[in-house]
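This report covers charged side chains and their surroundings. Please view the chain first.

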Amino acid sequence: MTAKLAKTQRQHRIALVLAAHPVTSQPQLVDLMKAEGVEVTQATLSRDLVEMGAVKVRVPGGDTVYAVPELSRERVAPEDQLRRVLAEW
C-alpha cells in the first residue's frame, strides 16, 4: 500500500532515502520511495530534488549519486519557506 504525502513530508522522506541509499537516478528513487510506501511520480520527484537543492556527487568507484546538502545549525530558514511549511501542516 502506498500513500501520498504532503510536500514537506515527502521531501523529508526523500532526504532520508538519499541518506540511506546510493541513488544514481530518479527512476531508482521513485522505486525506493514506493518500497517505503510513498507514491510519487518522477516529475514530482524532480521538482522536489530541485527545491531541496539536491546535487549529484561523485562517490568512490566513479558513480554519481544524489545528495542533499546539510544546512548549518546556525542558518535561519527564510520566512517564505517557514510560511509554506506551516501552511501545509
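Which side chains meet in a salt bridge at 2.5 Å, N to O? Those of Arg10 and Asp48 do.

## Basis

This is a predicted model: local features need pLDDT of at least 70, side-chain atom pairs count only at pLDDT 80 or more, and totals for chains, interfaces and linings use all residues. Residues are numbered from 1 along each chain as its sequence is written, and side-chain values use heavy atoms, with hydrogens and water left out.

## Salt bridges

Two salt bridges turn up in a search of the whole structure. The term means a side-chain nitrogen of Lys or Arg within 4 Å of a carboxyl oxygen of Asp or Glu.

The side chains of Arg10 and Asp48 pair at 2.5 Å, N to O. Arg10 sits in helix α1 and Asp48 in helix α3, 38 residues apart. Helices here are DSSP runs (H or I, at least four residues), numbered from the N terminus. Both Arg10 and Asp48 are buried (under 20% relative accessible area; exposed is over 50%, partly exposed in between; 1.4 Å probe, protein chains only).

Glu51 and Lys7 form a salt bridge at 3.4 Å, N to O. Glu51 belongs to α3 (residues 42-52) and Lys7 to α1 (residues 7-20), so the pair ties together parts 44 residues apart in sequence. Glu51 is partly exposed at 42% relative accessibility. Lys7 is partly exposed at 25%.

## Glu36

Glu36 lies in the loop between α2 (26-35) and α3. Its relative accessible area is 41%, partly exposed. Beyond neighbours within four places in sequence, Glu36 contacts Arg13 and Val17 (heavy atoms within 4.5 Å). The C-alpha atoms of Glu36 and Val17 are 8.6 Å apart, across 19 residues of chain.

Key: Helix = DSSP H or I, 4+ residues; strand = E, 2+ residues; numbered from the N terminus.
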